[in-house]
Amino acid sequence: MAPGAPSSSPSSILAALLFSSLVLSLAQAIVVYTDREVHGAVGSRVTLHCSFWSSEWVSDDISFTWRYQPEGGRDAISIFHFAKGQPYIDEVGTFKERIQWVGDPRWKDGSIVIHNLDYSDNGTFTCDVKNPPDIVGKTSKVTLYVFEKVPTRYGVVLGAVVGGVLGAVLLLLLLFYLVRYCWLRRQAALRRRLSAMEKGKLHKSGKDSKRGRQTPVLYAMLDHSRSTKAASEKKSKGLGESRKDKK
């Protein structure tokens with residue numbers, strides 16, 4: 001070791017290795033997602049959604065486990081298990097004949113459906129996923145509330161109100177642009193009609209002015225022919241009288 005170089009104790013090296021392994025395990029830990037809570041009415045059914053993220057491809061050994069902890073209870077019991085491509089419903093508890101598997105491991109989906117809800121179903125459901133070799137991770141929990149009649153959520157009402165307002169605004173905008181389009185189209189038609197009328201008047205006035213220019217010429221030609229005829233008649237008349245005088 002060079003003089004002045006810092007020495008590394010075995011404890012610090014061990015701590016660094018533990019920290020790096022912890023960071024690596026957290027980076028590769030499986031992550032499970034569920035809803036925070038779901039509501040259902042007595043006698044109806046409800047879907048408990050469960051999905052996950054894993055750094056590994058979906059394994060053939062993937063497994064899903066659902067546990068149930070009743071409201072006010074301390075212990076959680078297993079009610080459903082999926083492994084080796086097969087669903088297994090536990091034969092213990094009140095859910096044994098009311099659970100339906102609707103998940104699909106290929107889509108990272110481990111959802112189940114609970115039929116014929118009852119007030120006694122109130123409680124917390126936990127979804128746990130293992131995707132070997134990715135088996136380290138934290139479970140996710142969803143709370144089920146069963147009512148006589150499912151209450152309307154504030155968010156749903158607010159969303160409906162906002163959607164109605166937006167729809168009304170869009171309808172008003174559509175009507176405005178439709179009326180504006182019809183008005184502009186009518187104005188364009190009126191302009192075309194006025195333009196056609198103005199062109200017709202100009203054409204008619206042009207014809208009238210042309211006729212006005214031709215009329216004096218015709219009168220002048222007519223006067224010239226009349227004067228020529230009168231002169232010839234006068235000349236022929238004078239010749240006749242001179243012949244009579246000679247006789």
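## Aromatic pairs

Two rings of Phe, Tyr or Trp count as a pair here if their centres lie within 6.5 Å, with the six-membered ring used for Trp. In this predicted model, a search of the whole structure turns up nine such aromatic pairs. Let's look at two of them.

Tyr68 and Phe125 make a tilted pair, with 4.7 Å from centre to centre and 40 degrees between the planes. Tyr68 belongs to strand E5 (residues 63–70) and Phe125 to strand E10 (residues 123–130), so this pair ties together parts that are 57 residues apart in sequence. Both Tyr68 and Phe125 are buried.

Phe82 and Trp101 also pair up. Their ring centres are 4.5 Å apart and their planes meet at 20 degrees, so this pair is stacked, given that planes under 30 degrees apart count as stacked. Here, too, distant parts of the chain are linked: Phe82 sits in strand E6 (residues 77–83) and Trp101 in strand E8 (residues 99–101), 19 residues apart. Phe82 has 5% relative accessibility and therefore counts as buried, the limit being under 20%.

## An aromatic cluster and its strands

Phe82 and Trp101 also belong to one aromatic cluster, together with Phe52, Phe64 and Phe80. Which residue of E6 is the bridge partner of Phe64? That partner is Phe82. The two strands involved, E5 and E6, pair in the antiparallel sense over six bridges. They form a hairpin with six residues between them, and Gly72 in the turn has a positive phi of about 85 degrees.

E5 is also joined to E10: the two run antiparallel and share eight bridges.

## The disulfide

How many disulfides does the model hold? The count comes to one. It joins Cys50 to Cys127, with an S to S distance of 2.0 Å. The link of Cys50 and Cys127 is left-handed, with -80 degrees about the S-S bond.

Cys182, by contrast, is partly exposed at 43% relative accessibility.

Terms used: Residues numbered from 1 in each chain as written. Predicted model: local features only at pLDDT ≥ 70, side-chain atom pairs only at ≥ 80, totals over all residues. Heavy atoms only, no water. Phe/Tyr/Trp six-rings, centres within 6.5 Å; stacked < 30°, edge-to-face > 60°. Helix = DSSP H or I, 4+ residues; strand = E, 2+ residues; numbered from the N terminus. Buried < 20%, exposed > 50% of the residue type's maximum accessible area, 1.4 Å probe, protein only. Pairing = 2+ DSSP bridges. Disulfide = S-S within 2.5 Å.
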